[in-house]
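Subject: Structure handover

Hello,

Here is the structure I promised to pass on. Please open it alongside this note. My findings follow below.

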Amino acid sequence: MILECPICDATITVNNPKEGAVVVCEECDTEFELVQFDDEWDLLEVGEEDWEEDEDF
Ligand SMILES: [Zn+2]
């Protein structure tokens with residue numbers, strides 16, 4: 001599976017995606033948590049406490 005880093009748009013390859021797994025962008029060194037919405041995977045930046053109130057995704 002290939003995802004795009006929401007910070008720097010680099011490609012992040014995830015071989016064995018699991019809900020809640022942490023992946024690191026090699027370009028910007030940001031940690032993300034894998035989350036699944038229906039059949040789509042998304043990346044949540046680790047440490048963003050107020051993410052639920054951010055509707056701009
Ligand atoms: Zn990045």
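Where is the place of D38? D38 sits in the loop between β4 and β5, the latter covering residues 40-45. One caution before going on: this is a predicted model.

Backbone first. D38 has a positive phi of about 55°, yet it is not a glycine. Most residues other than glycine have a negative phi. D38 is also exposed, with 74% relative accessibility. D29 is another case: its phi is positive, at about 65°, and D29 is not a glycine either. D29 belongs to the loop between β3 and β4. Its relative accessibility is 63%, so D29 counts as exposed. From the C-alpha atom of D29 to that of I7 the separation is 10.0 Å. Along the chain, D29 and I7 are 22 residues apart.

Now the overall fold. The protein has zero helices and five strands. Read from the N terminus, the order is β-β-β-β-β. There are 57 residues in the protein, and 25% of them are buried. Take the contacts between residues at least 6 apart in sequence: 16% of these join residues at least 24 apart. The protein exposes about 4,600 Å². Carbon and sulfur atoms supply 37% of that area.

Next, the metal. Which residues are the protein donors of the zinc ion? They are C5, C8, C25 and C28, each through SG. These donors lie 2.3 Å from the zinc ion. The angles among the four donor atoms run from 106 to 117°, and the site is tetrahedral. For reference, the ideal angle for four tetrahedral donors is 109.5 degrees. The spacing of the donor residues in sequence is C-x2-C-x16-C-x2-C.

Why does the pair C8 and C28 tie together parts that are 20 residues apart in sequence? The reason is where the two residues lie: C8 is in the loop between β1 (2-4) and β2 (11-13), while C28 is in the loop between β3 and β4 (31-37). C8 is partly exposed, with a relative accessible area of 34%. C28 is partly exposed as well, at 25% relative accessibility.

The loop between β3 and β4 also holds T30. Is T30 buried or exposed? T30 is buried, with a relative accessible area of 15%; the cut-off for buried is under 20%. Set aside the neighbours of T30 within four places in sequence. T30 is then in contact with I7, V23, V24, C25 and E45. One of these contacts, C25, is a zinc donor.

Last, the surface. V22, V24 and V46 form a nonpolar patch there. Together the three have about 220 Å² of accessible area. V22 is found in strand β3, which spans residues 22-24.

Best wishes

Technical notes
Residues are numbered from 1 along each chain as its sequence is written. This is a predicted model: local features need pLDDT of at least 70, side-chain atom pairs count only at pLDDT 80 or more; totals for chains, interfaces and linings use all residues. Side-chain values use heavy atoms; hydrogens and water are left out. Patches are made of residues with over 30% relative accessible area and no salt bridge: like charges are joined within 9 Å, nonpolar side chains (Val, Leu, Ile, Met, Phe, Trp, Tyr) within 5 Å. Accessible areas come from the Shrake-Rupley method with a 1.4 Å probe; for residues, only the protein chains shown count as cover. A salt bridge is a side-chain nitrogen of Lys or Arg within 4 Å of a carboxyl oxygen of Asp or Glu. Helices (H or I, at least four residues) and strands (E, at least two) are DSSP runs, numbered from the N terminus. Donors are N, O and S atoms within 2.8 Å of the metal (3.2 Å for Na, K and Ca); water is not among the atoms, so sites may look incomplete. Four donors count as tetrahedral if all angles lie between 85 and 135 degrees; four count as square planar and six as octahedral if opposite donors are over 155 degrees apart and all others between 65 and 115; anything else is irregular. Buried means under 20% relative accessible area, exposed over 50%, partly exposed in between (1.4 Å probe, protein chains only). Contact means heavy atoms within 4.5 Å.
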